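Okay, thanks for coming, everyone.

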Amino acid sequence: MGEERSLTLAEARRLIDLDTRAIEGRQRVALKDALDRVLAEDLIARCPVPAHDNAAMDGYALHARTSGEESPRSLRVIGTARAGHPFVGSVATGECVRIMTGAVMPDGCDAVVPQENVAVEGDRVAIDAAPRPGQHRRLAGEDLRAGDVVLGRGRRITPADLGLAASVGEAMLDVVRRPRVAVFSTGNELRDVGQALDAGTIRDSNRYTLIGMLLRLGAEVIDLGIVRDDPAALEAALIHACGATVAADAIVTSGGVSAGDADHTRDVMRRLGSVAFWKLAIKPGRPLAFGHIAAAGRPVALFGLPGNPVAVMVVFYALVRDALLKSMGARPEPLPSLVAQCDIAIPKVPGRTEFVRAVATRRGETWHVRPTGAQGSGILRSMSEANCLIVLEHERGPVEAGGIVAAWPFHGLV
């Protein structure tokens, strides 16, 4: 029996997408706590924004067609309108009202003449040019009308969205509950921060990287620590993650998914559930086990990521991110991508997708990228120094110096 074929990145994405369902449950949260949460229902405007016609700048409010026929036009100032303090009364022909930005337009006025375009003479102003109807006036409902969809279901809420919801008077929002994601690392050689290093041991950095990426994505993280390279210990950890105490919606692990004697994740997955695939045609990140654990009577998605620190991050952004966003009920959010010129040659053979840590800089109108140096999948510092990943597609060959490549910028990701 031949070796199992490595899936392309596109094939793996498709399988994970077909297998991912939105989690159930919603919460009602205060507006100030809703940043990065996913809306569970459309938010409908209950009032127009702005609520009244108002001035777009400081000046004088008047009726454009009845502002007087003489040139320059001379109008009598009959009062002042300030934001929050409207002018009370009507404005007749030959009259105007001093008005401040945001103030309600007085009855009888349809335009604002900027204050720098008038000459003030006592209680009168002289206007050289006739204003246009509607000049410097913001209409009621110009931003939103009552009944408009302010924000759609499935939207991840941004800072601007918080302000928009506040503008229609919403103090609370209905959001999808956060997905509960259990995280642990596997390996007898791993030691946690604060523990002494014995001969042959290393710090567990992957778990902290994963926790950071999951928190940035908006998940609720359950840290299950370090699990020994032992089938019984791994099985117990996975059952615990699925059980009532943790009740994870997904499990993300690092290490234990290659073909070594001590790599038990795939075997335990098969015993407790299923394995959809475990090899990818990508670099870094070839070993990835994806499947389900059904220990608690319900299938819980498991992403068994590689043990190398850089591969953990690459696979998370290439595959896990989209699945978790879909489980949160979020609308698809494609990764941002730059078209850039690569300053140095990069060797590559067709047949796998490769991700190269790089630094992107803008020179004039063109983005340029340059790899950070050594690209070993255990060199986490190269990821910290990079600000993007160059993405070399499955069928692409070598990149010549000056060649055009796609790059995923870290801004907005990490």
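So, start with S18 and strand S20 (residues 287-293): they pair in the antiparallel sense over five bridges. By pairing I mean that DSSP finds at least two bridges between the two strands. Strands here are DSSP runs of E, at least two residues, and helices are runs of H or I, at least four residues, both numbered from the N terminus. Within that pair, glycine 273 sits opposite isoleucine 293 of S20.

Before I go on: this is a predicted model, so to speak, with local features needing pLDDT of at least 70 and side-chain atom pairs counting only at pLDDT 80 or more, while totals for chains, interfaces and linings use all residues. Residues are numbered from 1 along each chain as its sequence is written, and side-chain values use heavy atoms, with hydrogens and water left out.

Now, helix H5 (residues 265-272) packs on the sheet and touches S18, S20 and strand S21 (300-305); contact is heavy atoms within 4.5 Å. The direction of H5 makes about 150° with that of S18. Axes are lines fitted to C-alpha atoms, for helices over the stretch in contact, and angles run from 0 to 180 degrees between N-to-C directions.

Zooming out, what's the strand order in that open sheet of six strands? It goes S16-S13-S17-S21-S20-S18, with mixed pairing. Strand S16 (220-227) and strand S18 (273-279) are at the edges with a single partner strand each, so one side of each has no neighbour in the sheet. From one strand to the next, the twist averages 15°.
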